[in-house]
Amino acid sequence: MITRLTGGRIIDPVRSRGESPRDLWIEDGRVIEPPVDGRPPDRVLDLGDGLVMAGAIDIHSHIAGGKVNLGRILAAADHRAHAHGRSGKTCRSGSGLATPSSYTTGYRYASMGYTAVFEPAMVPSNARAAHLEMADVPIVDKGAYVMLGNDEYLLRRLGGGAGQAEINDYVAWMMRSTAAHAVKVVNAGGISAFKFGKRGLALDEPGPLHGVPPRRIIATLARAVAELGVPHPLHVHCNDLGVPGNIATTLATIDAAEGQPIHLTHAQFHSYGAEGKRGFSSAAALLAERVNRSPNVSIDVGQVVFGPTMTESGDTQAQFRNRRFADPDKWIMMDIECDGGCGVVPFRYRDRNFVNALQWAIGLELFLLVEDPWRIFLTTDHPNGGPFASYPQLVRLLMSRDYRQECLAAIHPAARKATLLEGLTREYTLAEIAIMTRAAPARSLGLEDRGHLQPGAAADLAVYRPQDDLEAMFRAPALVMKGGVEVARDGAVIATPQGTTQVVRPEYDRLVERRIRGFFDDHMSVGFETFPLAEDELAEAGAPLEPRPCRTSGAK
Amino acid sequence: MLALADRVGGIVDHSFSPLLLANMAVARTSGWVTATFAEVANRADAILVVGGDPGPRFPRFRERLVANAHPLYRQHPPEVLYVGPREEVLDASCAALVAREELLDALGLLAMLVCGMPAKRPLQHPAALALEAIAARLAAAHYAAIVWDVAAFLPGEAEYGVELISAMLRGLNAKTRCVGLPLGGSGNGIGAMQAALWQTGWPLPVGLTADAPVHDPQLFSGSRRIAAGEADVLVWVAALTSDAPPPGALPVIAIVADDIDLPEPPAVEIRVGIPAIDHAGAIFRADTVIALPLRPARPSARPTVADAAKAILASLPEAS
Ligand SMILES: [Zn+2]
């Protein structure tokens, strides 16, 4: 069946920076060239003067895995306040804003024009459970980053003198075993050190037992990811999250990558100085300056949004430090299977609190000071900085200086004085928003047929109705299509097709399995044969694999 | 089954949920610190067992968690500590033996000692010396674990007992490391709980009302509803366990494994295969993090529970 979309103004920055009025032709879920044989379309949809963008892609959002269920356990008020019954022919009931239930997550993302979401913190031992949960997130495509860098096997092999090639093989084995799309490191070595009773781990401090410093973990993993040709660079949650003065660690982490591609996630939480009489200041300008002159570096922001939320992180050291701010006062920590951990702490960001207000401003400073929209992505580190449902408000903050000034006037006065925000006049253009939320994440993740609307692209798209209220415009697109299927109209979900699981499966030398097998047999509570997800498990769960190729020109 | 209940406005519960609810209630109101099996097996240098010998219900407890051959991080087997009924003598280096009715008193005193709260001296408890020794060892351990099975508490006492354990865990981690390991789970009750959490946002039992999913352990208790006859129909699912539906006045749709004897003929009987024998699946471990794959042992044409639920869903008239 051929569908022709007419009348839309297409914002597709991969092709041009402006808007182009052209028809879109769709067949079998893909954008096609207008048929030259004069075949008439089976149906025509008139988009009015709607603005058409490719489906948005969230590069970092905690939507599944054990930590989210722990968050749901702690978030009764969130689930009571934001609940819906089943609706229409296909929509299941659900609840939650900060820790939405799985179906609700898919519906809400789709209704906002998102068609792919990446879960960034899959603990290896939790992979099967996380994928089962992601399979219940409808409509959008999903993918997961496997968390390495605190796993006993890696640390002991690094301590034991393993070479880069052996680590590469292990990383590839791990990615395939856990059906991962990319590799993330969280507080390198720190989560493991926490289990030994250490409450922090500096970048050059030897870790317990194996003596491996975080810098070496990051360097080795960044190189492994690059040499394997995994499209997305090593996704790094730096050490010292949330600590005043942590900008030094963050800049040193960029150095640690030794020029390899590196992505710094929720950079807002890692852009803190320790100046001023409160000992807390913005260092966003320092990070932005470094990012601007380092083409190997990309960041996502992890913007703070005022209001209640849940913080869920693999970084047990940071979460254990932050437990004293828990609101309400309850928290859960978990040490996981000699390969990771998680800490879940409810939190409320307040605009009249100096630190929270400055965190909010620091995020916006990063957005406005990093020049290249291809290397900065819109995230709230959902739900750690705030729920993903607040993205439309963030877009408005980026596109309207007036609205920004209005919000700035309401925050803690000392924070207002401590931020550069007042003087930052930049306003994002629609093309820049399209890059930051579509084209750039697609390119970073190696999704060649996503993030744009050229022939061959997946027919994942959102049509926005132009209006003065930018927040309303981005909250409820007039039309959202996933794979050519109309899935939402005016913010309401009307169909719920299943998305795929995006995976990258690098090749490796099977010899490495001998040593891994021995490790599992001797020490782990799950057998070597049981640990990996089988090829058909995800298809059976309803989220079939969609493998993406490795880059062949990886730096060898 | 959740989808089916959602469609018809039903309640979902698991026969094991009453046992999980005490743990769930404490996690929801206070939080805690826990760890998975491999972490305890490789790292714990002291293990405090609360309430009774896990051996009878968890036969591999000692072999897997205490006496494992190749621990990664400890040189010696962990010191086993015990607070529990004197009828269940455990091979422990330090034991506070009490009557089962006195378990909460003993735990309360231990929590005070562990958290450094002032206690009237000399301590007026018959097991005071042992409790003081246990508190000292927990504080001195590099990585202690507290292990319990909710079933070991007297009815009605579990939640308070687990609350005391949670207080100890929070207190001990201020200075050293100590983790909780709640044992238990059968019939994949943990998996049912996890799936309900992610699909509805709530633990079991959950009522899928027209407006929203609602969690209410009393109102939506499956066993209470069955006993009181407060439902239009009971859909009884048993594929992993071999339980027949409990007697009651409700009409029954039984979706049960082939090998289950049904003493009373149900209104509708659907026979399904058994996971790990007839078809694949996944089962969650008690530590909630790890889902183990179940792979079929024989080729089978028997339907799964999900097949049955989908078929029922498909045959229901369109919702208006
Ligand atoms: Zn994150």
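This is a predicted model: local features need pLDDT of at least 70, side-chain atom pairs count only at pLDDT 80 or more; totals for chains, interfaces and linings use all residues.
## Strands across the chain boundary

Two strands pair if DSSP finds at least two bridges between them.

## The interface between chain A and chain B

The size of an interface is often given as the accessible area lost when the parts come together. For chain B and chain A, about 4700 Å² is buried between them, and 54% of this lies on carbon and sulfur atoms. On the side of chain B, the residues that lose the most area to chain A are B:Leu72, B:Arg177 and B:Trp198, which together account for 15% of what that side buries. The contact draws 58 residues from chain B and 58 residues from chain A.

Several elements of chain B give two or more residues to the side that touches chain A, including helix H1 (2–8), helix H2 (17–29), strand S2 (31–35), helix H3 (37–43) and helix H8 (189–200). Strands S7 (177–183), S13 (281–284) and S14 (291–294) of chain B are also among them. By class, this side of chain B comprises 30 nonpolar, 14 polar and 14 charged residues.

Five salt bridges are counted between chain B and chain A. One of them links B:Arg285 to A:Glu337, with the closest N and O atoms 3.1 Å apart.

## Salt bridges within the chains

Over all chains, the count comes to 54 salt bridges. In chain A, the side chains of A:Arg426 and A:Glu432 meet in a salt bridge with an N to O distance of 3.4 Å. Both A:Arg426 and A:Glu432 are buried.

A further salt bridge in chain A is formed by A:Asp460 and A:Lys482, whose closest N and O atoms are 3.3 Å apart. This pair links distant parts of the chain, 22 residues apart: A:Asp460 lies in the loop between helix H16 (430–445) and strand S23 (461–464), whereas A:Lys482 belongs to strand S24 (residues 479–482). A:Asp460 and A:Lys482 are both buried.

B:Arg298 forms a salt bridge with B:Asp278, the closest N and O atoms being 2.6 Å apart. B:Arg298 lies in the loop between S14 and helix H10 (305–315) of chain B, and B:Asp278 in the loop between strand S12 (268–272) and S13, so the pair ties together parts that are 20 residues apart in sequence. B:Arg298 has a relative accessible area of 37% and is therefore partly exposed, while B:Asp278, at 5%, is buried.

## A network in chain A

Salt bridges that share partners join A:Arg30, A:Asp141, A:Asp449, A:Arg450, A:Asp460, A:Lys482, A:Glu546 and A:Arg548 into one network. A:Asp449, one of its members, is found in the loop between H16 and S23 of chain A. With a relative accessible area of 11%, A:Asp449 counts as buried because it falls under the 20% limit.

The side chain of A:Asp449 makes a polar contact of 2.7 Å with the side chain of A:Arg30. Leaving aside neighbours within four places in sequence, A:Asp449 is in contact with A:Arg30, A:Gly456, A:Ala457, A:Ala458, A:Glu546 and A:Arg548.

## Buried elements

A:Ala357 lies in helix H12 (residues 354–369) of chain A. This residue has 0% relative accessibility and so counts as buried. Apart from residues up to four places away in sequence, A:Ala357 touches A:Phe306, A:Arg350, A:Asp351, A:Ile411, A:His412 and A:Ala415. The C-alpha atom of A:Ala357 is separated by 21 Å from that of A:Asp329, and the two residues are 28 residues apart along the chain.

In chain B, strand S4 (residues 79–85) is mostly covered, with six of its seven residues buried. Strand S3 (residues 46–50) of chain B pairs with S4(B) in the parallel sense over five bridges. In S4(B), B:Leu81 stands opposite B:Leu48.

Methods. Residues are numbered from 1 along each chain as its sequence is written. Chains are lettered from A and ligands numbered from 1 in the order in which they are written. Side-chain values use heavy atoms; hydrogens and water are left out. Contact means heavy atoms within 4.5 Å. Buried area is the accessible area (1.4 Å probe) that two parts lose on being put together, summed over both. A salt bridge is a side-chain nitrogen of Lys or Arg within 4 Å of a carboxyl oxygen of Asp or Glu. Helices (H or I, at least four residues) and strands (E, at least two) are DSSP runs, numbered from the N terminus. Ala, Val, Leu, Ile, Met, Phe, Trp, Tyr, Cys and Pro count as nonpolar, Asp, Glu, Lys and Arg as charged, and the others, Gly among them, as polar. Buried means under 20% relative accessible area, exposed over 50%, partly exposed in between (1.4 Å probe, protein chains only). A polar contact is a pair of N or O atoms within 3.5 Å; within protein, one must be able to donate a hydrogen and the other to accept it, and residues adjacent in sequence count only if both atoms are side-chain atoms.
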